[in-house]
Amino acid sequence: MPDTDRMRLDKWLWAARFYKTRKLAAEAVAGGKVHLNGQRTKPGKEVRCGSRLNISKGGLEWDIEVLVLPRQRRPASEAKDFWRESEQSRESREKQLALLRAARASAPIRTEGRPSKKDRRLIHRFKQQ
């Protein structure tokens, strides 16, 4: 996979599969969710191999180093080789994920609104007995 010497930040984020579209990547960069080498930047800023990125997305944070500048978007199995995450970042992200999972598990079950099809079946069964 040939490397070029630089690439737009929004295009790299899209190619590395952090965002589904380049527009979402550009909006995240413009909104301050992505920092290049510790500084807020614009979507058109050029990224090089060795650049440091701090990405905040969905309550999670990544502190990564750019390793590869791909010519085109590749499958997710290959895209994970485009960057390397620091151990400290990985550990803190796993802790954040565990907290989010615990919060989701302890959240109350939906009780408002119309009953689902499954709920209606249970109600009918209860009334027939």
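Which residue does D10 meet in a salt bridge? In this predicted model, the side chain of D10 pairs with that of R8, with an N to O distance of 3.0 Å.

## Overall architecture

The chain contains 5 helices and 7 strands. Their order along the sequence is β-α-α-β-β-β-β-β-α-β-α-α. The chain is more spread out than a compact globule, because its radius of gyration is 21 Å, well over the 14 Å that the globule rule gives for 129 residues. The C-alpha trace spans about 75 × 30 × 25 Å along its principal axes.

Of the 129 residues, 27% count as buried. The chain exposes about 9400 Å², and carbon and sulfur atoms supply 50% of this area. Among contacts with a separation of 6 or more, 47% involve residues 24 or more positions apart.

## Salt bridges

The structure holds 9 salt bridges.

A second salt bridge joins the side chains of E78 and R74, at 2.9 Å from N to O. Here E78 is partly exposed, with a relative accessible area of 27%, and R74 is partly exposed as well, at 24%.

The side chains of E85 and R93 also meet in a salt bridge, with an N to O distance of 2.6 Å. E85 counts as buried because its relative accessibility is 7%, under the 20% limit. R93 is likewise buried, with a relative accessible area of 15%.

S51 is placed in the loop between β4, residues 46-47, and β5, residues 52-57.

A polar atom of the S51 side chain lies 2.8 Å from the backbone oxygen of R48. Leaving aside residues up to four places away in sequence, S51 touches L36, N37, I64, E65 and V66.

How values were computed:
Residues are numbered from 1 along each chain as its sequence is written. This is a predicted model: local features need pLDDT of at least 70, side-chain atom pairs count only at pLDDT 80 or more; totals for chains, interfaces and linings use all residues. Side-chain values use heavy atoms; hydrogens and water are left out. Helices (H or I, at least four residues) and strands (E, at least two) are DSSP runs, numbered from the N terminus. A polar contact is a pair of N or O atoms within 3.5 Å; within protein, one must be able to donate a hydrogen and the other to accept it, and residues adjacent in sequence count only if both atoms are side-chain atoms. Contact means heavy atoms within 4.5 Å. A salt bridge is a side-chain nitrogen of Lys or Arg within 4 Å of a carboxyl oxygen of Asp or Glu. Buried means under 20% relative accessible area, exposed over 50%, partly exposed in between (1.4 Å probe, protein chains only). The radius of gyration is taken over C-alpha atoms; the globule rule is 2.2 Å times the number of residues to the power 0.38. Accessible areas come from the Shrake-Rupley method with a 1.4 Å probe; for residues, only the protein chains shown count as cover.
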